[in-house]
Amino acid sequence: MARIVFFGLGNMGRPMALNLQNAGHQLLGHDIVPSMRDAFVAAGGRLGDDEASSLADADFVFSMLPAGPHVRKLYEEMIIPHVSKNATLVDCSTIDVETSRLVAGLAADAGIVMMDAPVSGGTVGAEAGTLTFMVGGDDGGFAKAKPLLDIMGKNIIHAGGHGNGQAAKICNNMMLGIQMISVCEAFNLAESLGLDAQKLYDISSTASGQCWSLTTYCPTPGPVPTSPANRGYQPGFTAAMMRKDLGLAEQAATSSQVATPLGNQAAALYQMFCSAGGQDVDFSGMIRFLKSGQAAGDKQ
Ligand code: NAD
């Protein structure tokens with residue numbers, strides 16, 4: 001049984017922390033928002049009293065926070081000054097590679113092991129314990145963290161050194177964002193050419209246009225009954241989250257001077273979609289936005 005402190009009890013962190021606790025570990029949850037703490041307790045979770053005393057006894061510290069500045073502040077002001085030197089730190093938030101490497105360096109300077117381990121699989125995967133973890137950091141830290149990641153996920157991949165988990169997440173989601181737009185454009189064009197959506201799906205899902213955005217998450221209603229297109233584009237994965245991840249890809253491409261023109265264009269389109277009111281709509285709702293400029297989802 002490990003003593004685990006978990007920071008960030010939001011949509012993802014709450015079910016992840018509960019899975020660790022329900023597997024028999026001694027878990028203490030922390031969140032800065034009272035309603036998040038209440039929801040965690042209502043779901044059976046145990047809260048820590050104050051952060052510093054939770055950290056002093058921790059074997060593992062997980063964090064699942066919105067963005068890089070939140071992670072940096074938490075690490076600089078709370079975790080590194082107060083955590084036990086024997087603890088392993090695991091940040092599961094999706095953040096920029098630069099901040100991820102910076103906090104790993106601060107931890108290393110203090111003699112503490114830190115891993116980045118962003119996830120894919122969304123809230124459904126967090127609840128079911130079937131997330132994919134993309135892990136950056138050294139072999140020893142990976143070996144220590146893996147048994148706990150196995151409880152929360154089903155694919156745990158060591159992507160290399162510090163920040164490489166974030167790099168994998170950003171590159172994957174840049175592919176996804178671009179591919180989704182390409183599938184949306186193709187269905188809109190097919191419609192205007194008098195080609196039935198199901199026919200295009202039947203052909204392209206077994207031809208060279210095949211991709212996840214088509215076969216698992218088809219943005220037009222009908223061909224894939226479980227896709228958000230069949231429930232008024234309720235998320236799923238929101239356009240705002242896709243915009244955030246494409247922004248991280250843009251930032252990484254700029255700082256490493258790599259050309260990602262389609263990634264940049266996809267970021268601009270998702271920004272327009274969000275600015276038109278689509279931030280809480282599933283990202284596959286891009287199909288309707290491209291066709292009509294309509295961003296808001298249907299009410300069910
Ligand atoms: P969320 O906003 O629901 O939860 C984040 C929580 O962190 C909030 O409850 C917030 O109060 C808390 N928090 C912020 N600063 C804190 C601090 N200093 N100490 C303690 N708690 C603090 O967000 P989410 O949907 O759970 O996403 C979390 C991360 O996971 C993000 O980086 C997101 O990009 C990533 N992610 C989300 C999904 C998804 O489908 N929601 C999928 C993959 C990855």
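Two strands count as paired if DSSP finds at least two bridges between them. Keep in mind that this model is predicted.

Q: How many bridges pair β4 with strand β5 (residues 113-116), and which residue of β5 is the bridge partner of V90?
A: Pairing takes at least two bridges. β4 and β5 have four, and they pair in the parallel sense. Within β5, V90 finds its bridge partner in M115.

Q: Which residue in β4 is the bridge partner of V61?
A: Strand β3 (residues 60-63) runs parallel to β4, and four bridges join them. For V61, the partner in β4 is L89.

Q: Are the residues on the two faces of strand β4 (residues 88-91) buried or exposed?
A: In a regular strand, side chains alternate between the two faces of the sheet. In β4, T88 and V90 lie on one side, with L89 and D91 on the other. Both faces are covered, and these four residues are all buried.

Q: What is the handedness of the β-α-β crossover from β4 to β5?
A: β3, helix α4 (residues 68-82) and β4 form a right-handed β-α-β unit. From β4, the chain then crosses through helix α5 (residues 97-109) to β5, and this crossover is right-handed.

Q: How far apart are the end C-alpha atoms of helix α11 (residues 239-255)?
A: Helix α11 has 17 residues, so at 1.5 Å a residue it should span 24 Å. The distance between its end C-alpha atoms agrees with this: 24 Å.

Q: Which helices do the buried residues of α11 pack against?
A: The buried residues of α11 include M242, L246 and A253. The buried residues of this helix pack against α8 (164-192) and α12 (261-278).

How values were computed. Residues numbered from 1 in each chain as written. Predicted model: local features only at pLDDT ≥ 70, side-chain atom pairs only at ≥ 80, totals over all residues. Heavy atoms only, no water. Buried < 20%, exposed > 50% of the residue type's maximum accessible area, 1.4 Å probe, protein only. Right-handed = clockwise from strand over helix to strand, strands pointing away. Expected span 1.5 Å × (residues − 1). Contact = heavy atoms within 4.5 Å.
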